[in-house]
Amino acid sequence: ERFNRRFSFHAFSPSYFSLFQIACGAFAGKHSLFSVSLPTSVCRIENAAFVCCENLGFINIPSTVSYIGKFAFGKTILKDQIKLEIIKRFGKEVFE
């Protein structure tokens, strides 16, 4: 049988570790990434952080995120409702 590689990324922040930002290009081109849930400790998503994640259809962006860089979600398949919410908060540049 063929092994199905479908992954979801769930960042977590135990009390001894905090994730403050997703670095530039951190997950770029990860075609096996389908879903992302970020902890409330995240404040920034840098440029092209998830660019070309062509199967990324869902991301949970907490209200603590105050900055999303250019093309952070370019070439993803995020659902329209999620895209509209992101554009409303951060502008269309995050997809261009």
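These legends describe close-up views of a predicted model.

**View 1. Three strands form an open sheet.**
The strand order is β2-β4-β6, and the pairing is parallel. Strands β2 (21-22) and β6 (67-68) stand at the edges. Each has a single partner strand, so one side of each lacks a neighbour in the sheet.

**View 2. Strand β4 pairs with β6.**
Strand β4 covers residues 44-45. Two bridges join β4 to β6, and the two strands run parallel. Which residue of β6 stands opposite Ile-45? Ile-68 does.

**View 3. Arg-44 and Glu-46 meet in a salt bridge.**
Side chains of opposite charge can pair when their charged atoms come close. In this view, the distance from N to O is 2.6 Å. A search of the whole structure finds one salt bridge. Is Glu-46 buried or exposed? Glu-46 counts as buried, because its relative accessibility is 14% and the cut-off for buried is under 20%. Arg-44 is partly exposed, with a relative accessible area of 33%.

**View 4. Ala-48 has a positive phi.**
Most residues other than glycine have a negative phi. Phi of Ala-48, however, is near 55°. Ala-48 lies in the loop between β4 and β5 (58-60).

**View 5. Phe-71 has a positive phi.**
Here the residue is again not glycine, and phi is near 60°. Where is Phe-71 placed? Phe-71 sits in the loop between β6 and α1 (80-90). Phe-71 is partly exposed, with a relative accessible area of 27%.

Notes:
Residues are numbered from 1 along each chain as its sequence is written. This is a predicted model: local features need pLDDT of at least 70, side-chain atom pairs count only at pLDDT 80 or more; totals for chains, interfaces and linings use all residues. Side-chain values use heavy atoms; hydrogens and water are left out. Two strands pair if DSSP finds at least two bridges between them. Helices (H or I, at least four residues) and strands (E, at least two) are DSSP runs, numbered from the N terminus. Buried means under 20% relative accessible area, exposed over 50%, partly exposed in between (1.4 Å probe, protein chains only). A salt bridge is a side-chain nitrogen of Lys or Arg within 4 Å of a carboxyl oxygen of Asp or Glu.
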